[in-house]
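My notes are kept in the order in which I made them.

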Amino acid sequence: MNGHRTGIPEVGAPSDAAGGNAPGMVDSSGPFALTDLRCGACARPHVLDLGTGWAEHAPDAYDCPRWESVMPLWQLLDRAGFDLNPSGAERPTRNGRPIPWLTPVTAAGPHWRLIHRGRLGQAQRHGLCQVCGLSVTDDEAMLVVDTDGWCLTSAALHPACAKLSSVTCPVVARTGIVRAANSGSLRRDGEIAPEIGMTQRWQLLSHPR
Ligand SMILES: [Zn+2]
Ligand SMILES: [Zn+2]
């Protein structure tokens, strides 16, 4: 999708940088220093556990009153006072790939394997598109589901955003089926309480034929 967005800056430093924390490699394993997300008391960078998505205070910093602080990356981003991945039809990109609104983004780039659970909760509660973060009407809402009808990510998409995902997102391209939300009945399983780690799982049940 190179070139389909103009004037939108790439997120993160150049991806050919070397080193363990090289930008563009943020979905590798191991702890990751969040140099743009520093402790408000001692200014040390928070450390991201890439497996769990939890951001912790720098370890062994017992001189800081907040040394025990730990929270999901998305909560830390919400408190940071800046947003590298705002809502809007024009998506920021990484290596030419558009970044969905639900992907947490730090100065290092998008954290593709993590989800901004707070935004997922908002999308489920208010009918927002998972790709652009804008409202989707019931008539136009699309879903990306697996063969059993479970949504890969349980939130709606605009038709254009669903198309963008199926072209640019490897997971959607490989395992997703794009369907109109009104082509079946939607089961919404669970509660929306992202602050305690809970969002709904959606399943699109086909109408009997
Ligand atoms: Zn501190
Ligand atoms: Zn959209």
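The entries below go from the whole chain to single residues.

**Entry 1: ground rules**

I am working with a predicted model, in which local features need pLDDT of at least 70 and side-chain atom pairs count only at pLDDT 80 or more, while totals for chains, interfaces and linings use all residues. Residues are numbered from 1 along each chain as its sequence is written, chains are lettered from A and ligands numbered from 1 in the order in which they are written, and side-chain values use heavy atoms, with hydrogens and water left out.

**Entry 2: whole chain**

I find four helices and 12 strands in the protein chain. Helices (H or I, at least four residues) and strands (E, at least two) are DSSP runs, numbered from the N terminus. Of the 209 residues in the chain, 42% are buried; buried means under 20% relative accessible area, exposed over 50%, and partly exposed in between (1.4 Å probe, protein chains only). I also looked up contacts (heavy atoms within 4.5 Å). Among those between residues at least 6 apart in sequence, 52% join residues at least 24 apart.

**Entry 3: the four-stranded sheet**

I traced an open antiparallel sheet of four strands, ordered E1-E2-E3-E4. Strands count as paired if DSSP finds at least two bridges between them. Strand E1 (31-38) and strand E4 (70-72) are the edges, each pairing on one side only. From one strand to the next the twist averages 35°, taken between axes that are lines fitted to C-alpha atoms, with angles running from 0 to 180 degrees between N-to-C directions.

E1 pairs with strand E2 (residues 45-49) through five bridges, in the antiparallel sense. I noted leucine 34 with its bridge partner histidine 46 in E2. The E1-E2 hairpin has six residues between its strands, and alanine 43 in the turn has a positive phi of about 70°. E2 and E3 are also antiparallel, joined by three bridges. Aspartate 49 has tryptophan 54 in E3 as its bridge partner. In this second hairpin four residues lie between the strands, and glycine 53 in the turn has a positive phi of about 80°.

**Entry 4: zinc ion (ligand 1)**

Which residues are the protein donors of the zinc ion (ligand 1)? I find Cys39 (SG), Cys42 (SG), His57 (NE2) and Cys64 (SG), lying 2.1 to 2.3 Å from the ion. Donors are N, O and S atoms within 2.8 Å of the metal (3.2 Å for Na, K and Ca), and sites may look incomplete because water is not among the atoms. Along the chain the donors of ligand 1 follow C-x2-C-x14-H-x6-C. Cysteine 42, in the loop between E1 and E2, and cysteine 64, in the loop between strand E3 (54-56) and E4, are 22 residues apart and link distant parts of the chain.

The four donor atoms subtend angles of 104 to 116° around ligand 1, so the arrangement is tetrahedral; four donors count as such if all angles lie between 85 and 135 degrees. The ideal tetrahedral angle for four donors is 109.5 degrees. Cysteine 42 counts as partly exposed because its relative accessibility is 25%, while cysteine 64 is buried at 2%.

**Entry 5: zinc ion (ligand 2)**

The zinc ion (ligand 2) is coordinated by Cys129 (SG), Cys132 (SG), His158 (ND1) and Cys161 (SG) at 2.1 to 2.3 Å. Angles of 96 to 119° between the four donor atoms make this arrangement tetrahedral. The donor spacing in sequence is C-x2-C-x25-H-x2-C. Cysteine 129 sits in the loop between H2 and strand E9 (142-145), and histidine 158 in the loop between E9 and helix H3 (159-168); the pair is 29 residues apart and links distant parts of the chain. Cysteine 129 is buried at 0% relative accessibility, and histidine 158 is buried at 14%.

**Entry 6: helix H2**

Helix H2 (residues 117-126) has Gly118, Arg119, Leu120, Gly121, Ala123 and Gln124 as its buried residues. Their cover includes helix H1 (73-79), strand E11 (184-189) and strand E12 (201-206). Just after H2, glycine 127 has a positive phi of about 65°.

**Entry 7: asparagine 85**

Is asparagine 85 buried or exposed? Asparagine 85 is buried, with a relative accessible area of 2%, and lies in the loop between H1 and strand E5 (93-94). Its side chain makes a polar contact with the side chain of arginine 91 at 2.6 Å. A polar contact is a pair of N or O atoms within 3.5 Å; within protein, one must be able to donate a hydrogen and the other to accept it, and residues adjacent in sequence count only if both atoms are side-chain atoms. The asparagine 85 side chain also reaches the backbone oxygen of threonine 103 at 2.9 Å. Leaving aside neighbours within four places in sequence, the contacts of asparagine 85 include Trp101, Val105 and Arg119.

Key: Tetrahedral: all angles 85-135°; square planar, octahedral: opposite > 155°, others 65-115°.
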